[in-house]
Amino acid sequence: MKIDQIKFKEKAQTASELAIFGSILIFVLGMIVNQTVGFSYSQNHYLRAMRLAMKMSYLYSEGLVEGSGDGVASRNNATVLLIEDRLTVDSGKYGAVDRAPQVINVSASHSREFFKPFENNDEEDAAMMDIFVNGKHFPLTTGRFKRVCLAETKEKCRYNDDRTPDGWDEWSPNSWDSQCADVSRATFAYFLGAWYCAYDSTPYTIGCKNLYSVVVNHPNSEDWCDGTESNPCVNNLGKDERFDLDRDFDRSPTGTADSDVPEDPSDPQVDAIRQQFSWQWFRVKGINLLETSKNPDDRCRPIVTLGLGEEGMIFDSGLKIDAKNIMVDVDGDLKEEMIVKNSDNDSNAVMNNVTVWDSQDGDMDLTIGDQEVDAQGTEKVHPGFTQDLAMYTRVKSPDIEEPGSGTYLRIEQGKVCKASGDKQCYRSVQKNDHVDIVERVLQLSNNTNRFCKVIIDEEKKEVSLDNDPLPAKVDGLTNPVEVCCDSELCEPGGVSDPGEGGTCFDEENIDKTCMFVGTWYDDPVTHEQKFFPPTIFIRSRIKDLHGRMWVTDTSEDPYVEFK
Amino acid sequence: MEFTFCMIVALLMIYGMAMVFRWTGMDLAGRRIVYENSLFADVDPSYGICIRFDLLTGDCLEWSSEGKEEGPLKQLESSFYTPAKMNAVWSEE
């Protein structure tokens with residue numbers, strides 16, 4: 001009896017070991033397939049993004065895109081952000097249903113236009129950034145040309161539409177220096193058969209604008225000083241003014257510096273902060289020295305003598321003479337702009353207006369740092385994708401009288417949905433959750449009127465859509481934005497409820513890429529009206545072809561109705 | 001008898017494992033190989049050349065438009081690879 005029992009156990013052991021081994025092996029194989037498919041997705045995404053960046057750089061450098069002429073420098077260093085929502089690897093009841101974002105940022109360069117000069121109004125040569133979201137292409141600018149008035153008062157500006165920093169009254173009270181420089185005017189005089197420059201015997205004092213540039217806080221920098229005995233800051237800005245990062249000395253009526261980088265010689269740790277700080281302010285006078293007599297091309301120009309330690313700038317429109325001090329803050333935003341044109345200077349070479357390239361005035365301000373605040377202490381709005389991501393699914397209406405109708409429902413995972421207020425819940429337990437729309441929110445820094453045309457009234461603090469606000473093309477490409485909305489209505493598309501206005505979340509617009517053009521709001525800190533920049537709600541309509549491996553028509557099968 | 005059955009099953013499992021390893025490696029390696037081969041492939045030397053010059057100014061009056069597609073654009077084609085089929089037992093649709 002015992003021998004028979006032992007034999008029976010040996011036979012059962014082999015089968016049970018095979019079953020355990022087989023299940024473990026299948027599990028491991030499934031994990032291998034899962035991981036490898038993920039690697040394949042990532043590799044494919046990375047290689048496609050690289051090719052796309054190289055292709056973008058090549059197309060624009062060679063002039064193969066509409067509006068790029070014989071080649072432009074906008075994509076000399078093409079930066080591409082590629083986002084795609086791919087199905088995850090899953091083997092559920094209906095196959096893969098979840099989507100995971102594949103995000104990668106790459107850059108590539110084609111050298112054909114590397115040495116093309118960047119001149120005034122060369123919008124097509126300005127650096128651009130390209131974002132691709134599920135096939136939708138968003139070309140974004142990183143700056144803009146603008147003309148800034150440097151005259152003493154607004155009335156003295158040559159052009160009425162010159163930009164000034166957020167209203168003339170807010171221009172820094174200490175920005176105009178009435179004791180800027182001494183000038184000896186020159187006049188042509190004919191003496192003994194030759195023409196000479198005759199200069200005034202007594203020079204007179206002129207005023208000019210104070211501009212500021214950033215210099216390296218290092219002894220090797222020729223414009224550096226630290227206020228010590230060996231390097232006293234007696235000329236140009238004082239030691240505390242150089243480290244007054246928000247330039248309170250420039251804004252306050254008394255001209256008092258509020259040093260933001262502390263100094264304490266008795267405390268080495270505190271003192272080291274200022275020593276190791278990377279930069280400091282340096283003052284530049286708004287005089288183009290190219291138009292004075294100290295330049296090589298002397299044509300009987302005035303002799304302008306600046307104060308000790310003060311510097312002007314040298315800007316040559318023909319780009320033949322090396323420029324100096326052309327990276328200055330002209331609009332009071334505490335960041336430097338690049339001067340690309342200088343015109344309408346007076347006879348003493350005092351600059352009246354300049355055209356600058358402002359890297360903070362494009363679709364995306366990439367110069368904003370973490371926790372950066374504006375001059376009033378309000379934290380700036382950071383451009384780029386926000387953390388908001390939503391998925392919508394379309395549910396067909398069971399109404400037989402209106403076939404094809406339906407509504408979009410937002411998919412939320414996690415806690416059980418609880419209906420509250422206007423929120424309704426719908427739980428699907430039988431059908432595959434068919435994701436139709438993936439929504440992302442792209443925050444812009446400024447409204448450049450490229451995607452939607454608006455009218456901004458800074459006096460009335462209003463922003464509204466222009467006539468025919470939606471351009472068909474942006475930079476030669478189809479406009480990725482499909483609807484423009486302000487705080488009252490949307491165009492095109494109409495309004496679902498004319499009495500209440502249109503939004504990006506109306507039934508007509510929920511499945512379209514919609515741009516909210518921005519609005520004025522009351523700042524809780526300063527209680528001033530500030531402009532909140534525009535936002536693009538990118539809606540990706542993805543056709544879900546997965547979810548089923550075999551489809552069997554069971555509509556004619558008999559069924560049993562249990563009661 | 002039972003041993004024979006189990007060995008057959010074990011062989012089938014080993015065959016499946018080998019096919020999975022083959023497929024995963026081929027897809028990853030194949031994509032990389034095709035990517036580099038296409039990127040560094042020779043281009044048509046006549047792509048984008050000028051057909052007619054203005055003899056006075058030296059400017060090009062007519063470019064070879066067909067040739068441009070045979071240049072770097074061919075090397076930078078985005079859909080350069082089709083994922084390898086597993087071909088474990090039956091072909092996929």
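This is a predicted model: local features need pLDDT of at least 70, side-chain atom pairs count only at pLDDT 80 or more; totals for chains, interfaces and linings use all residues.
Strand β15 of chain A, formed by residues 353-358, is mostly covered, with six of its six residues buried. In a regular strand the side chains alternate between the two faces of the sheet. In β15(A), A:Asn353, A:Thr355 and A:Trp357 point one way, whereas A:Val354, A:Val356 and A:Asp358 point the other way, and all are buried. Two strands pair with β15(A). Strand β5 of chain A (residues 144-149) runs antiparallel to β15(A) and is joined to it by six bridges. Strand β14 of chain A (residues 337-343) is likewise antiparallel to β15(A), with five bridges between them. A:Asn353 takes part in both pairings: A:Cys149 has A:Asn353 as its bridge partner, and A:Ser343 stands opposite A:Asn353.

The largest nonpolar core comprises 23 residues, and those with the most contacts inside it are A:Leu52, A:Met56, A:Tyr60, A:Val80, A:Leu82, A:Val106 and A:Phe132. Two or more residues are contributed to this core by each of α1, β1 (77-87) and β2 (99-109) of chain A and by α1 (2-39) of chain B. The greatest contribution, eight residues, comes from α1(A). When neighbours within four places in sequence are set aside, A:Phe132 is in contact with A:Leu52, A:Met56, A:Val80, A:Leu81, A:Leu82, A:Ile83 and A:His137. A second, separate core of 22 residues includes A:Leu81, A:Phe138, A:Val481 and A:Met515. In soluble globular proteins, nonpolar side chains tend to be buried together.

Chain B contains three helices and two strands, arranged from the N terminus on as α-β-β-α-α. Of the 93 residues in chain B, 28% are buried. Its accessible surface comes to about 6700 Å², and carbon and sulfur atoms account for 65% of that area. Among contacts in chain B between residues at least 6 apart in sequence, 53% join residues at least 24 apart.

Methods. Residues are numbered from 1 along each chain as its sequence is written. Chains are lettered from A and ligands numbered from 1 in the order in which they are written. Side-chain values use heavy atoms; hydrogens and water are left out. Buried means under 20% relative accessible area, exposed over 50%, partly exposed in between (1.4 Å probe, protein chains only). Helices (H or I, at least four residues) and strands (E, at least two) are DSSP runs, numbered from the N terminus. Two strands pair if DSSP finds at least two bridges between them. A nonpolar core is a set of buried Ala, Val, Leu, Ile, Met, Phe, Trp, Tyr and Cys residues joined through side-chain atoms within 4.5 Å. Contact means heavy atoms within 4.5 Å. Accessible areas come from the Shrake-Rupley method with a 1.4 Å probe; for residues, only the protein chains shown count as cover.
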